[in-house]
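Student: I'd like to go through this model before I set anything up. Can you take me through the packing and the charged pairs?

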Amino acid sequence: MKLVLDGSPLPLDTIVAVGRGGVDVTLAPTAAAAMERSRTVVRDALDAGATVYGVTTGFGALASTRIDESDAIELQVGLLRSHAAGVGEAVDDDLVRAMLVLRARTLAQGHSGVRPLVVERILDLLNHDILPVVPGRGSVGASGDLAPFAHLMLPLIGEGLVRVGSEIIPAADALDAAGIAQLRLEPKEGLSLLNGTEGMLAWGALGLARARGLAAAADIACAMSVEALMGSARPFEPRIHALRPHPGQAAVAANITALISGSGIEASHHDDFVHAVQDAYSLRCAPQVHGAVRDVIGYADDVFSREAGAVVDNPIVFPDDGDVVSGGNFHGQPLAFALDFLTIGVTELASISERRIDRILDPDRSSGLPAFLARRPGLESGYMLTQYTAAALVGEARVLAHPASVESIPTSGSQEDHVSMGWGAGRKLHDVLDLGVGVVAIELMCAAEGIDHRAPLEPGPGVAAARSSIRSLVPRLDGDRALSSDIEAVRTLVESGELVEAVADAVGPLA
């Protein structure tokens with residue numbers, strides 16, 4: 001795949017593709033020309049002796065400190081060094097790649113006043129897969145993701161650490177080996193490498209893709225649980241959801257209907273109103289709960305898509321007007337809210353999934369399934385402990401679902417007296433996605449086992465395809481065994497998208 005950056009918005013799926021690696025990215029000549037125009041404005045301001053934040057002044061609370069023009073370059077280099085104060089385990093390579101391409105796109109818009117060479121050097125790192133080591137903690141999500149971006153950009157000047165393949169080496173050595181010249185920063189360029197929301201946006205774009213996959217897998221898991229528990233198909237009828245026209249709700253109801261359509265299990269009790277007048281909420285209200293999560297995903301998609309075309313630098317250069325203006329487009333509040341909202345949505349998917357797991361394993365509420373799906377209940381524990389694990393994962397997710405975006409702590413001598421904490425919101429989203437995938441994997445595994453106990457009755461073709469996909473990795477439970485590897489195998493099915501693909505091959509794409 002090849003991508004040409006011309007400063008226009010990047011589709012979120014393109015950001016994800018770059019993050020996953022193997023995309024060659026270049027700078028469009030038109031973008032280079034626009035960058036040269038804004039660079040001229042910065043040079044003219046310097047020549048005129050104008051006061052320009054971060055160019056002829058210090059940063060943050062030191063914005064009123066005048067810097068001599070002779071020290072302007074030292075100011076930019078010192079900025080990168082001093083702001084590289086992150087701590088903790090390094091973020092994953094896909095996030096680093098996404099941050100690199102997003103920052104390059106922002107600068108390519110021609111409102112930052114940096115040379116095209118700066119973007120070309122960023123793309124050199126990306127295209128050679130020389131990935132800066134970026135500690136995972138240290139950003140408050142206002143003035144941009146400063147500490148992460150300082151670590152991300154230090155390698156451009158031959159400092160810091162990078163990952164090349166499986167090795168972590170000094171950046172200078174990696175640049176030399178690849179034949180990439182170290183960048184000599186000019187006025188404003190250090191600041192423009194740091195100021196922006198692309199770290200939060202990278203978390204969001206990658207998290208959104210994972211959340212979509214999890215939402216689809218959760219619909220499949222629910223349909224399998226409906227079959228395993230001999231639930232009714234009636235709550236998923238389109239006429240019900242037409243009366244409450246939330247788009248996510250209708251989509252989920254349609255998915256579950258498609259998955260259980262043609263089910264011999266459901267047909268065996270479809271008209272048996274003694275069997276179940278009303279199913280439990282975790283089954284009957286799945287469209288309303290899963291659907292609300294899908295609507296949250298839609299909201300986050302809108303926010304992230306707008307941000308992927310925004311100018312988030314500071315100060316901003318207006319080449320048509322010849323102005324350099326300080327503003328606040330680097331503040332991450334829109335992203336922080338969306339990231340937190342997504343985290344809450346994923347937590348609810350995990351929460352309702354755990355309730356269905358518990359119901360499948362409880363002999364008093366499972367419509368005749370053996371206790372904990374054990375072959376010999378009492379002597380064997382079956383899947384009993386998987387519900388403990390699911391409960392633990394949901395409990396942790398609920399703690400992490402507390403919004404980061406309401407936890408502002410002033411920085412820089414209270415010059416930056418309100419911050420978004422959006423970077424932390426992004427970190428939490430991916431942690432909760434890990435937890436949510438684990439819970440849904442457990443439901444899929446338990447539901448597959450429950451459906452097997454309904455033989456000779458068969459589920460609908462969609463559910464049958466999901467069960468076959470699971471059974472390709474996890475055999476039936478024929479006695480107690482260690483279950484961790486089984487859970488991890490199903491997690492892989494969910495994260496890779498293979499489960500959803502197997503279902504789509506059987507019944508067509510899900511909504």
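Tutor: Helices here are DSSP runs of H or I with at least four residues, strands are runs of E with at least two, and both are numbered from the N terminus. This is a predicted model, in which local features need pLDDT of at least 70 and side-chain atom pairs count only at pLDDT 80 or more, while totals for chains, interfaces and linings use all residues. Residues are numbered from 1 along each chain as its sequence is written, and side-chain values use heavy atoms, with hydrogens and water left out.

Student: How many residues of α18 are buried?

Tutor: Eight of the 11 residues in α18 (461-471) are buried. Buried means under 20% relative accessible area, exposed means over 50%, and partly exposed is in between, with a 1.4 Å probe and protein chains only. Among the buried ones are Gly462, Val463, Arg467 and Ile470.

Student: Which residues does Met224 contact, sequence neighbours aside?

Tutor: Leaving out neighbours within four places in sequence, Met224 is in contact (heavy atoms within 4.5 Å) with Leu444, Ala447, Ala448, Ile451, Val463, Ala466, Arg467 and Ile470.

Student: And which residues touch the most other members of the largest nonpolar core?

Tutor: Met224, Phe304 and Leu444 do, in a core of 146 residues. The largest share of this core, 19 residues, comes from α9. A nonpolar core is a set of buried Ala, Val, Leu, Ile, Met, Phe, Trp, Tyr and Cys residues joined through side-chain atoms within 4.5 Å. There is also a second, separate core of seven residues, including Val42 and Leu46.

Student: Is Ser225 buried or exposed?

Tutor: Ser225 is buried, at a relative accessible area of 0%. Ser225 sits in α9 (198-228). Beyond four places in sequence, Ser225 has contacts with Leu283, Arg356, Ile360, Glu443 and Ala447.

Student: Switching to charges. How many salt bridges are there?

Tutor: The structure holds 33, counting a side-chain nitrogen of Lys or Arg within 4 Å of a carboxyl oxygen of Asp or Glu.

Student: What does Arg294 pair with?

Tutor: Arg294 forms a salt bridge with Asp219, and the closest N and O atoms are 2.8 Å apart. Arg294 is in α14 (286-307) and Asp219 in α9, so the pair ties together parts 75 residues apart in sequence. Both Arg294 and Asp219 are buried.

Student: Where do Asp129 and Arg97 lie?

Tutor: Asp129 is in the loop between α5 (116-127) and β4 (131-132), and Arg97 is in α4 (93-108). The two form a salt bridge with closest N and O atoms 2.9 Å apart. Asp129 is partly exposed at 31%, whereas Arg97 counts as buried at 11% relative accessibility.

Student: Which residues are linked in a salt-bridge network?

Tutor: Glu449, Asp452, Glu458, Arg467, Arg471 and Arg476.

Student: Last topic, the surface. Which residues form a nonpolar patch there?

Tutor: Tyr299, Phe337, Phe341 and Ile344 form one, with about 350 Å² of accessible area together. Areas come from the Shrake-Rupley method with a 1.4 Å probe, and for residues only the protein chains shown count as cover. Patch members have over 30% relative accessible area and no salt bridge; like charges are joined within 9 Å, and nonpolar side chains (Val, Leu, Ile, Met, Phe, Trp, Tyr) within 5 Å. Three residues of the patch, its largest share, come from α15 (333-361). Ile344 is in α15 and is partly exposed, at 35%.
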